[in-house]
Amino acid sequence: MITGESGTGKEVLAQAIHNESGRKNQPFIAINAAAIPENLLESELFGYVGGSFTGALKSGKKGLFELANNGTIFLDEIGDMPNHLQSKLLRVLQERQITPIGSESIIDIDVRIIAATHRNPLKMTEEGGFRKDLFYRLNVFQLELPPLRNRSNDIIPLMHYFTDQRFTFNKEAIEVLHSYHWPGNIRELHNVANYLSIIEENSQVDLSALPRYIIDSVYSPENQKQEMQIEKEQLVISEKTDEKMTREVLQAIKTLNDMGKSAGRKHIILLMKRQGIEIGEGKLKKILLTVKDLEMIDVYQGRTGNILTAKGKAYLKIDDQIANRT
Ligand SMILES: Nc1ncnc2c1ncn2[C@@H]1O[C@H](COP(=O)(O)OP(=O)(O)OP(=O)(O)O)[C@@H](O)[C@H]1O
Ligand SMILES: [Mg+2]
């Protein structure tokens, strides 16, 4: 099960998993549950025999599950699938068999299912859009794709990739691209790259070449407000815990994130120790809880550990400015 905001590359990742798997020479079939009309979805997925309903082909039609046999099926926007089909899907997953509409015979199938959603699947089960039993069945291995704003080190390499290495980016342009919110994630970045390829004649991209809406958004009054908000959060932090130490912890997380290293508690303590800062497990826990509540870090299970969010980065930046002022 792959989760992540729109445009973070869920389908790209699903395809990559397939291409690296033992199934790579078998079909990869992608289906968007939200894009196929409800009354066609069932026959599309499971197929039908000739004459089984009005408008059906005489010859019948193979379902996508059968076509994907021995390969991979990518079920996009799984939570948007109608409830009765979700329960059918669950049966397919459990029994590894399908029965085409109007057919009496059962077909054995062996497919890897990769499901995706841009919404929070657990929340969807609570709200009722997504069947709990199906969720647990699919959720054997969850991969969460972080939004682009939280992996800003990917921004420039992706820009180079999408523009065939045609450009270099000056410091201000990089800063703005790193600060921008990227609500459309990599899809949006791809569009910006295409835009630059068309309009930019120089090999160096500076601030003025970037789309106006990005510059405006970064320098918007909203963002100025956010800066003031962050000064308030500084107060919260100093009330709850040690502000200076919090800053060191955030910095350590940033360093580990930037190096692509795991930013779990152990690594943070080790890194800080190397920099001559001693911090105990208890204190670190308290700080991490505080900054998590303030949404300055995202906490991931397993190897990844803690990821500094855009807000966390903004906090470090503002802090710099304040420190420089005093
Ligand atoms: N790692 C990557 N490298 C290069 N291009 C990428 C990468 N990830 C995503 N893209 C590109 O970004 C765009 C969006 O990717 P994709 O369709 O996989 O996103 P998605 O998460 O499925 O989005 P949605 O939720 O809107 O369906 C595509 O054009 C894809 O080619
Ligand atoms: Mg998609």
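**Entry 1: helix H2 and its cover.** I looked up what covers the buried residues of H2 in this predicted model, and the cover includes S2, strand S3 (47–48), H3, S5, H4 and strand S6 (97–98). The residues of H2 that I found buried are Leu 41, Glu 42, Ser 43, Leu 45 and Phe 46. I also checked the backbone just after H2, where Gly 47 adopts a positive phi of about 80°.

**Entry 2: the nonpolar core.** I turned next to the largest nonpolar core, which counts 29 residues. Phe 65, Leu 75 and Leu 138 have the most contacts inside this core. I listed the elements that each supply at least two of its residues: strand S2 (28–32), helix H2 (38–46), helix H3 (64–67), strand S5 (72–76), helix H4 (83–95), strand S8 (112–117) and helix H6 (132–138). H4 gives the most to this core, with 5 residues.

Entry 3: I recorded a volume of about 480 Å³ for the second largest pocket. Its lining comprises 20 residues, and Arg 112, Ile 113, Ile 114, Leu 138 and Val 140 are the closest to its centre. Two or more lining residues come from each of H4, S8 and H6. S8 gives the most to this lining, with 4 residues. Sorted by class, I found 15 nonpolar, no polar and 5 charged residues in the lining of the second largest pocket.

Key
Residues numbered from 1 in each chain as written. Chains lettered and ligands numbered in written order. Predicted model: local features only at pLDDT ≥ 70, side-chain atom pairs only at ≥ 80, totals over all residues. Heavy atoms only, no water. Core = buried A, V, L, I, M, F, W, Y, C linked by side-chain atoms within 4.5 Å. Buried < 20%, exposed > 50% of the residue type's maximum accessible area, 1.4 Å probe, protein only. 1 Å grid on protein atoms, 1.4 Å probe; cavity = no way out; pocket = protein on both sides within 12 Å on 5 of 7 lines; lining within 4 Å. Points joined across faces, edges and corners; volume = space filled by probe spheres on them. Nonpolar A, V, L, I, M, F, W, Y, C, P; charged D, E, K, R; others polar. Contact = heavy atoms within 4.5 Å.
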